[in-house]
Protein chains: 2
Amino acid sequence: MSGGADGPDALDPLIRTVLDALARGAARRGGPLPEGTPRELAAEVVRAFTAADGDEALGLLTEVLAHGSADPADPLCAAHLHCPPLAVAVAADLAVSALNPSQDSWDQAPAATTLETLLLQELAALVGYDPVAAAGVLTSGGTESNLMGLMLARDRVLGRAAGRQVELAGVPATGARPRIFASSAAHFSVARSAALLGLGEDAVVSVPVDHELRMLPDSLAAALRESADRGELPLAIVATAGTTDTGAVDPLGRCAELAAEYGAWLHVDAAYGGGALLSDRLAPLLDGIERADSVSLDWHKLGWQPVAAGVFLARRAETYASLARRAVYLNPQDDEEAGYPSLLGLSLRTTRRADAFKIAVTLRTLGRAGLGALVDTCHELARQGALAVRAEPRLELHAEPVLTAFLFRYVPEGADPAYTDEVNAALRRRLLREGRAVVGRTELPGEGPGRVRLKLTLLNPRTSAQDVARLVRTVVAAGLAEEEGR
Amino acid sequence: MSGGADGPDALDPLIRTVLDALARGAARRGGPLPEGTPRELAAEVVRAFTAADGDEALGLLTEVLAHGSADPADPLCAAHLHCPPLAVAVAADLAVSALNPSQDSWDQAPAATTLETLLLQELAALVGYDPVAAAGVLTSGGTESNLMGLMLARDRVLGRAAGRQVELAGVPATGARPRIFASSAAHFSVARSAALLGLGEDAVVSVPVDHELRMLPDSLAAALRESADRGELPLAIVATAGTTDTGAVDPLGRCAELAAEYGAWLHVDAAYGGGALLSDRLAPLLDGIERADSVSLDWHKLGWQPVAAGVFLARRAETYASLARRAVYLNPQDDEEAGYPSLLGLSLRTTRRADAFKIAVTLRTLGRAGLGALVDTCHELARQGALAVRAEPRLELHAEPVLTAFLFRYVPEGADPAYTDEVNAALRRRLLREGRAVVGRTELPGEGPGRVRLKLTLLNPRTSAQDVARLVRTVVAAGLAEEEGR
């Protein structure tokens, strides 16, 4: 057992096994990911999974996991919002694993309950909320946080008393179709949340974006007006602060004005861009976020935490009633009256890991300024990467980076749009197969060929400008090889 | 950074700091939880959170977390389905934190993608499913798993084509109110899921239970028949395999028959009872689970994993379509055709920690038999605890343990129901405040006073029968002290 007075001694040799196996796996990998096809890699995992037995299982499987990782700590692994965690955050998370507090009742997590509350107050202040008036909870990530924001929006507008749930069954009787407004570059979890909440994916009105993938405010205004003219119910506006692909920040102030005008809930998905709040240089990009009714933040993106480190915040605690819940075995009323606090009514989950702890330790260790410097470093790396792309005649930059990511593509001979798409997709798989680099791939909004783009997401502050230049050259070489092979 | 070739060296001294601080915190606590009121404990956490700074933050905050824990590794901490994790599982989880794979795309988790698939096949077989036909995903716990089962039930019955979402807005037009049938002792997440899904909490029909809190099958049959007579839509039956309070297992075979008869989805919430599948002695309690359309399992309960280790399984992969999702930046079609698998369409989350890894390592280290022996030990401890309760004239046992938990209460002089409730609630808070024991408290289903019960949940296989007897005596002493103080 990992807890109790002798837990640390029980853990010690096992952790030694893990660290050794991690080192062996990383050495054997020797790059951002292992060479091979998915089928070859899967065969290796199947062999280990079948062979692993008894006391040797931990070392054997850890080595396979490390060897078979796409390691965001490698400078040539720069595809996704997938960060290399800080060692201090990982060490803190070990304490959480060992003690196993669960945030659904005080008597499973006495200290962790207070720590989560304190951390949330600090993060609320970072967003610009009044920390006393705000409320929030740790989540599994932006997808859950976006769901929570839209759930509160639904329950507020469609009406519900505390403890009784909204009946969507009542909606069509009123004839007013509920609508959610989000840009065409908003995260897919917005549409998925609408479906989960019973509103249907097509409750989401897709608002056009500019070249940088930033929501067009006039289009939002027009969409709201047309919807109102149709007698629909404007449930929520979801503004994105940091789109997944370009880091673009929607016009938050204008979104807040329109939300107020139409009586809609404003949710800001700052899962990626929230990290900018740590940087004095970049924080102004998010001006207006403090007017949002709720926000999503993810510290496993620009915050260097191991997954999960999502945060949901609501500006006013009193709007946060949907989940209020009395469970007789978790938070009986007389216990709360006797001073035993409960976080149960804040989360969609019941059992819940103390993810706040690693974030709190990281913030205290590095400070906002220390973390902000890491954000600035990654931003600068992205700018250097964009410069390197511009310097390559075979590459085409889509737009300058806003945060730490940018899109580009390889332009083959002839530049036929469908063929260009094909070559870009194939060169990326070639890089994966050869174990050379993990580069992102996406598509611009819209229809038809010519929309495939490659993506670099710079989240590793230990990467150098030279590393990024090497990564860009590696992409060009793969493009040339791909063209030659055809 | 924790990854890469030098990650292990960076982690080493920080992990030393954590293990030392865990030992200090546990020693200072010296019992199942720290002495003091919630306010006093919170003040200590606030002081540390405010003072922690720089390189000292990790050790300082870890010590506070450990001191301020309700530690399930202590034999006198036996309130909730809150298990002491196995050291090997905690060590495996460290590898996951350090490498930070994310299960939403292959290129963030090459080996972890295969490992999760292999583990799920093994667990499907454990449930009695055909592992080739089944599908599943790791979840944050029973609450998320129950939500997924009910989402699939909703989307199947209310109809949806792949990629298009159900419109609940269309429901009342048909006049058929969707209904979910669950016992009055089912987990509250069933009602909460109904609300989240837009069905309304009152879509849940509460089926009466027997003394042991087991669903009455004739009552279920009657409820289904009456609902059908009202022209309602039987969306799902939720059977509980291991209620939170008594471990009671609903009549699974009869539930399966009735689900087939009424065309309802059968979801089995085996978040607690699923652990019985590891034990040859207890597995027969769950006969019939293999007929469920979907199940919830939680290895952070009877499986000794650090949170989170939830599992959702569907018997037939083709019923698992609601979440099928093409995200151009995560699982483009041509990458899947080229052999790059994706788990994205299986989860409600996007970014997702590789929680399968620690479970896989644990299963390989101990084997099903090794884990089954731990389950049997805890079951036997619960039986010993019930015997100890029966031996105390001031205690009243509610029912014999089915799995590893049982309810009882202290019966004060006079035995007025409201006063008895008050004394039991107060003696539990006294035990918490004095740092002596963490005992559960719940209420039996129904109305009126006299329903408060204390609960012991035995999840620590290192606890001895003597420890349990001591815990029972501690409860009696607290009851006497509570009566005296009045």
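Me: How much area is buried between chain B and chain A, and what share do carbon and sulfur atoms give?
Reply: A quick heads-up: this is a predicted model, where local features need pLDDT of at least 70 and side-chain atom pairs count only at pLDDT 80 or more, while totals for chains, interfaces and linings use all residues. Residues are numbered from 1 along each chain as its sequence is written, chains are lettered from A and ligands numbered from 1 in the order in which they are written, and side-chain values use heavy atoms, with hydrogens and water left out. Buried area is the accessible area (1.4 Å probe) that two parts lose on being put together, summed over both. For chain B and chain A that comes to about 13000 Å², with carbon and sulfur atoms giving 64%.

Me: Which residues of chain B lose the most area to chain A?
Reply: Contact here means heavy atoms within 4.5 Å, and 151 residues of chain B are in contact with 153 residues of chain A. Together, the top three make up 7% of what the chain B side buries, and they are Met1(B), Phe49(B) and Tyr329(B).

Me: How many salt bridges are there between chain B and chain A?
Reply: A salt bridge puts a side-chain nitrogen of Lys or Arg within 4 Å of a carboxyl oxygen of Asp or Glu. One of them pairs Asp335(A) with Arg441(B), at 3.7 Å from N to O. Over all chains the structure holds 83, and the count between chain B and chain A is 18.

Me: How do the residues on the side of chain B that touches chain A divide by class?
Reply: There are 47 residue pairs in polar contact between the chains, both residues at pLDDT 80 or more. Polar contact means a pair of N or O atoms within 3.5 Å; within protein, one must be able to donate a hydrogen and the other to accept it, and residues adjacent in sequence count only if both atoms are side-chain atoms. For the classes, Ala, Val, Leu, Ile, Met, Phe, Trp, Tyr, Cys and Pro count as nonpolar, Asp, Glu, Lys and Arg as charged, and the others, Gly among them, as polar. The chain B side then splits into 86 nonpolar, 33 polar and 32 charged.

Me: Where does the salt bridge partner of Arg177(A) lie?
Reply: Arg177(A) pairs with Asp202(A), their closest N and O atoms being 2.8 Å apart. Arg177(A) is in the loop between α7 (171–174) and β2 (178–183) of chain A, and the two residues are 25 residues apart, so to speak linking distant parts of the chain. Helices (H or I, at least four residues) and strands (E, at least two) are DSSP runs, numbered from the N terminus. Asp202(A) sits in the loop between α8 (189–196) and β3 (204–207) of chain A.

Me: Which residue does a cis peptide bond join to Val307(A)?
Reply: Omega is about 0° at this bond. In chain B, a cis peptide bond joins Val307(B) and Ala308(B), and Ala308(B) is in the loop between β6 (294–298) and β7 (310–314) of chain B. For chain A, the residue is Ala308(A).

Me: What is the phi of Asn100(A)?
Reply: Asn100(A) is in the loop between α4 (87–99) and α5 (110–127) of chain A. Although Asn100(A) is not a glycine, its phi is positive, at about 55°.
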